[in-house]
Amino acid sequence: MTQALRRTLVTFWIETKLFALDVLDVQEVTPVLEVTPLPGAPRSVAGVVTWRGASVPVLDLREHDASPDSSRVRGPIVVLRRPERFGVLVDRADGIRRMEPAALEREQVTCLDAKSLLARGFGRTA
Amino acid sequence: VVRRAFVAASIDERIHPPGTAAPEGAPESASASAAQSTATVRVRVERIDGLLEGLAGLLHAKSALDEAIASSPAADRMQRTALAQILRRLDSTIRSLQEDVLDVRLVAVGTLVPKLQRIAWSAAREAGKSVRLAADVRDVEVDKEIVDALVAPLAHLVRNAIDHGIEEERERRRLGKDPVGTIRIDARGEGAETIVEVVDDGSGIDLSRVLEKARRQGLLPNDRRPVDAEILEVLFAPGFTTRETVSTLSGRGVGLDAVRETIQRWGGIIEVETGAKGTRMRLRVPTTRAILSGLLVRAGRETYVLPLAVVAQVIKVRLADVEHRNGEGSLRRGGQTLPVLDLAALLGVGQVDPAAGLVPGVRLAGPGREAILLVDEVGARRDVVSRGLGLARSSIPAIVGTTEVGSGRTAYLLDPVLLTERRSKWGAPEEKTA
């Protein structure tokens with residue numbers, strides 16, 4: 001029973017928090033990339049990276065306010081597997097873990113999902 | 001590359017009176033002739049895009065190799081020359097492959113014609129007008145995605161032509177015109193661009209009426225007569241309408257702002273010509289989604305790309321020569337007063353240092369939108385592969401796409417028309433004071 005609830009998750013750090021995405025939602029965790037800030041974009045969007053020859057918009061889930069000098073942002077990008085690709089800027093990749101709901105709670109892992117990220121970051125319901 | 005043979009002979013179908021079936025002939029004749037000449041394969045667009053992505057990756061790896069060789073310290077000179085030669089060959093092979101793959105994505109503009117004819121037919125019936133739609137698109141081909149993107153704008157323009165352009169039958173008779181109005185869809189290739197025109201033989205756009213309405217809506221100043229280009233520009237203002245009543249055909253008004261937005265998203269432009277003999281709406285779109293000749297400019301920390309087609313000149317601007325009035329700068333140049341725009345300020349990423357003496361600038365060309373754009377640095381010319389913004393949205397409409405410059409760095413493509421738009425909506429600063 002608990003076996004069935006166990007999920008395989010890609011985990012990563014953003015600031016001091018551990019986040020997770022279902023492994024099926026993730027296409028790749030990239031090495032450190034430089035994100036080009038997009039002028040006029042909402043705060044939730046860090047900018048765009050070029051990844052495998054494609055433009056991938058990148059979400060910034062950090063809670064603190066963007067630095068006033070809007071300096072470049074860099075970091076590994078968790079690229080989501082979606083028809084319309086996007087990524088999440090993270091501070092550090094953690095790994096791949098098989099976890100059950102109780103463990104998620106115990107270790108204070110925030111589970112994300114592609115759908116709500118789309119809505120939160122791009123105002124898109126898909 | 002095997003190009004599909006496509007014969008879209010000039011289709012000349014009378015749409016009125018109602019009851020005539022919309023013509024369906026074009027697609028059949030196309031596939032029939034294709035079957036005769038070559039065998040064809042149906043390929044999913046995503047597969048082609050996979051190939052393109054792979055090629056872009058290859059190109060990327062190649063430029064990394066370029067950089068590695070250029071920065072290798074004590075490499076043997078002869079060896080370096082030999083390597084450079086191989087790399088050049090590699091580069092041209094990849095690029096020609098890229099073009100071949102892009103060609104695979106081309107589809108005939110003629111595939112749109114039956115759809116437009118159906119739209120014209122029902123629009124004509126609704127408006128109670130007699131209209132025929134003729135198409136001369138020969139074998140013009142455009143990227144699949146761009147063809148798809150053209151459907152809505154072309155449908156809109158056809159409906160506009162019927163609703164606003166073509167007169168009623170009785171009026172046409174009175175004017176000694178053919179009682180049946182004609183709308184022509186013409187397409188032709190021109191360099192890397194494809195031009196699709198919607199031409200009607202109606203009464204043309206009544207500029208004085210547009211001016212009157214625009215003044216009432218505060219879109220044009222009252223104190224002087226704007227030039228025709230400025231008045232036509234108003235047609236593209238969001239929400240502008242000359243109608244008193246809402247019509248089912250063209251909705252609230254002309255709705256050309258949406259048409260322009262779509263065309264611009266694909267790196268195209270829309271032009272209007274109008275006169276007593278009718279109106280010509282010209283859509284100019286890139287033939288392939290891709291390669292655009294651009295000029296790299298820097299504003300703030302980032303690099304942006306301007307389409308080379310709109311760049312008239314790269315200049316140095318002496319800031320002391322810029323006149324300021326109502327928060328807008330202008331510069332006299334060759335008897336003309338050109339507005340001066342600060343790119344970094346427009347993008348909200350900084351502004352030109354007022355203490356700087358000489359600042360690099362780009363003179364933009366184009367009817368009614370001459371302007372000088374101040375930048376932090378003018379870089380190289382570069383052929384870039386343009387891509388959409390995808391999910392990302394910016395409140396700055398002038399950012400229309402992205403591209404890759406250097407090794408893996410992203411740069412945004414700018415649409416100069418949209419950069420200068422705010423100004424043109426309010427009219428150019430007094431040009432005739434001299």
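In this predicted model, a search of the whole structure gives three aromatic pairs over all chains. One of them joins A:F86 and A:F122 in an edge-to-face arrangement, with 5.5 Å between the ring centres and 75° between the planes. A:F86 sits in the loop between β8 (77-80) and β9 (87-89) of chain A, while A:F122 belongs to helix α3 (residues 114-122) of chain A, so the pair ties together parts that are 36 residues apart in sequence. Both A:F86 and A:F122 are buried. Another aromatic pair is formed by B:Y304 and B:Y412, and here the rings are tilted, at 6.4 Å centre to centre and 35° between the planes.

The fold of chain A was examined next. Chain A has three helices and eleven strands, and along the sequence these elements follow the pattern α-β-β-β-β-β-β-β-β-β-β-α-β-α. Of the 126 residues in chain A, 44% are buried. Among the contacts in chain A with a separation of 6 or more, 62% are between residues 24 or more positions apart.

Salt bridges were then considered. Over all chains, the search of the whole structure finds 38 salt bridges. In chain A, A:R7 is bridged to A:D22, with the closest N and O atoms 3.2 Å apart. The two partners come from distant parts of the chain: A:R7 is in strand β1 (residues 7-14) of chain A and A:D22 is in strand β2 (residues 17-22) of chain A, 15 residues apart. A:R7 has a relative accessibility of 34% and therefore counts as partly exposed. A:D22, at 16% relative accessibility, counts as buried, because the limit for a buried residue is under 20%.

In chain B, a salt bridge connects B:D148 and B:K144, whose closest N and O atoms are 2.7 Å apart. B:D148 and B:K144 both belong to helix α5 (residues 144-165) of chain B, where they are four residues apart, about one turn of the helix. B:D148 is partly exposed, at 42% relative accessibility. B:K144 is also partly exposed, with a relative accessible area of 29%.

Another salt bridge of chain B is formed by the side chains of B:E197 and B:R280, at 2.8 Å from N to O. This pair links distant parts of the chain, with B:E197 in strand β6 (residues 193-200) of chain B and B:R280 in strand β8 (residues 278-286) of chain B, 83 residues apart. B:E197 is buried, with a relative accessible area of 2%, whereas B:R280 is partly exposed at 25%. B:E197 and B:R280 also belong to a network of salt bridges, whose other members are B:R188, B:E190, B:E193, B:E271, B:E273, B:R282 and B:R284.

The remaining analysis concerns the interface of the two chains. Contacts between them involve 24 residues of chain B and 26 residues of chain A. The area buried between chain B and chain A is about 2100 Å², and carbon and sulfur atoms give 52% of this area. On the chain B side, the residues that lose the most area to chain A are B:R301, B:L391 and B:Y412, which together account for 33% of what that side buries. B:Y412 is thus both a residue of this group and a partner of B:Y304 in the tilted aromatic pair.

Between chain B and chain A the count is one salt bridge. A:E34 and B:R409 form a salt bridge, with the closest N and O atoms 3.0 Å apart. On the side of chain B that touches chain A, the elements giving two or more residues are α2 (45-71), β10 (302-307), β18 (399-405) and β19 (409-414) of chain B. The largest share of that side, four residues, comes from β18(B). By residue type, the side of chain B that touches chain A divides into ten nonpolar, seven polar and seven charged residues.

Terms used
Residues numbered from 1 in each chain as written. Chains lettered and ligands numbered in written order. Predicted model: local features only at pLDDT ≥ 70, side-chain atom pairs only at ≥ 80, totals over all residues. Heavy atoms only, no water. Contact = heavy atoms within 4.5 Å. Buried area = accessible area lost by both parts, 1.4 Å probe. Salt bridge = Lys/Arg side-chain N within 4 Å of Asp/Glu carboxyl O. Nonpolar A, V, L, I, M, F, W, Y, C, P; charged D, E, K, R; others polar. Buried < 20%, exposed > 50% of the residue type's maximum accessible area, 1.4 Å probe, protein only. Phe/Tyr/Trp six-rings, centres within 6.5 Å; stacked < 30°, edge-to-face > 60°.
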